[in-house]
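Biologist: I'm new to this one and would like to know where each label comes from. Could you show it to me and take my questions in turn?

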Amino acid sequence: MSDLFSGLRSTTEVYPQTFLLPSFTQTKMLRQLIVTIIKQAPFRKMATPNGHYTNIPLTNCGDWGWVSDEQGYRYSETDPLTGHPWPTMPDYFYQLANSAAAAVGFNNFSADACLINQYKIGSKLGSHQDKNERDFTQPIVSVSIGLPATFQIFGHRRSGKAVEINLYDGDVMVWGGQSRMMYHAVKTIKANPNNPAQRYRYNITFRSSQ
Ligand SMILES: O=C(O)CCC(=O)C(=O)O
Ligand SMILES: [Fe+2]
């Protein structure tokens, strides 16, 4: 683990091969880097195959970006909004993803895609699997910034009883191995009574897409 991202509280396995790394990172630099990224590739909702739009505005950085349109979900080397390559993944992001993965035993993680979601108060993310990547031996590394959230783990069923994990600014989750294909969701984001000025939650997921 690098000194930059050493955890303050202890790591827990919240579900088989799903790890919570509380306060693993500071988020000031991450926010600044997101500001730079969205100047080149703004947050946007994307059309979905069922004729709707994604609930959550999103963007990407890295060699590949997750995209959705009427045809389906996939990874693309270019931003459909601009036709340009996605912004380069900042080295700081790459180091963070690697050190989080390595901290829980995924030593060869190499993210080539980085999806950034923007949640406002009242928004949520429905149950889904992250399954558009090619190599399911590689984990997902997920970083929470801003407003708290409740992350739900359903396991191999889409719904039913969930394990609920509270996620706060700076928390990182890593899931891989037998959890890699788990169904997961984010419950409706609420205002933070400890910080009423906070308006958004950002989530960055690092993926090995190819
Ligand atoms: O926002 C989160 O914590 C999870 C996001 C997620 O599951 C996704 O982007 O696929
Ligand atoms: Fe996901």
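Biologist: Why is Ser209 called buried?

Modeller: This is a predicted model, and in it Ser209 has 24 other C-beta atoms within 10 Å. The label "buried" asks for 20 or more, so Ser209, with its 24, is buried.

Biologist: Where does Ser209 sit, and what does Ser209 touch?

Modeller: Ser209 is found in the segment after S13. Not counting residues up to four places away in sequence, it touches Trp64, Tyr75, Asp112, Ala113, Glu133 and Arg134. Gln198 is 11 residues away from Ser209 along the chain, yet 32 Å separate their C-alpha atoms.

Biologist: What makes Gly62 buried?

Modeller: The count again: Gly62 has 26 other C-beta atoms within 10 Å. Gly62 lies in the loop between strand S3 (58–61) and strand S4 (65–69). Leaving aside neighbours within four places in sequence, its contacts are Trp86, Met89, Ala111, Asp112, Ala113 and Cys114.

Biologist: Why does Gln17 count as partly exposed?

Modeller: Gln17 has 17 C-beta neighbours inside 10 Å. A residue needs 20 or more to be buried and 12 or fewer to be exposed, so Gln17, with 17, counts as partly exposed. Its place is in the loop between strand S1 (12–15) and strand S2 (18–21).

Biologist: How do you know whether the size of the chain agrees with a compact globule?

Modeller: We compare two values. For 210 residues, a compact globule would have a radius of gyration near 17 Å; the protein chain has 16 Å, so the two agree. The C-alpha trace spans about 40 × 40 × 40 Å along its principal axes, and buried residues make up 38% of the chain.

Biologist: Which residues have the most contacts inside the largest nonpolar core?

Modeller: That core has 50 residues, and those with the most contacts inside it are Ala97, Ala100, Cys114, Val141 and Val174. Helix H2 (residues 91–103) gives the most to this core, namely six residues. Beyond its neighbours within four places in sequence, Val141 is in contact with residues including Ala97, Ala100, Phe109, Val172 and Phe206.

Biologist: What surrounds ligand 1?

Modeller: Its shell is made of Leu115, Asn117, Leu125, Asp130, Ser142, Ala149, Phe151, His184, Val186, Asn203 and Thr205. Strands S6 (113–120), S9 (149–155), S12 (183–186) and S13 (200–207) each give two or more residues to the shell. By class, the shell has five nonpolar, five polar and one charged residues.

Biologist: Which residues does the domain annotation cover?

Modeller: An unreviewed UniProt entry gives "domain: Fe2OG dioxygenase" for residues 110–210. That span is 0% helix and 47% strand, and its end C-alpha atoms lie 10 Å apart. The protein chain as a whole comes to two helices and 13 strands.

How values were computed: Residues numbered from 1 in each chain as written. Chains lettered and ligands numbered in written order. Predicted model: local features only at pLDDT ≥ 70, side-chain atom pairs only at ≥ 80, totals over all residues. Core = buried A, V, L, I, M, F, W, Y, C linked by C-beta atoms within 7 Å. Helix = DSSP H or I, 4+ residues; strand = E, 2+ residues; numbered from the N terminus. Contact = placed C-beta atoms within 7 Å. Near = placed C-beta within 6 Å. Nonpolar A, V, L, I, M, F, W, Y, C, P; charged D, E, K, R; others polar. UniProt positions renumbered as here; feature names shortened; annotations may be inferred. Rg over C-alpha atoms; globule rule 2.2 N^0.38 Å.
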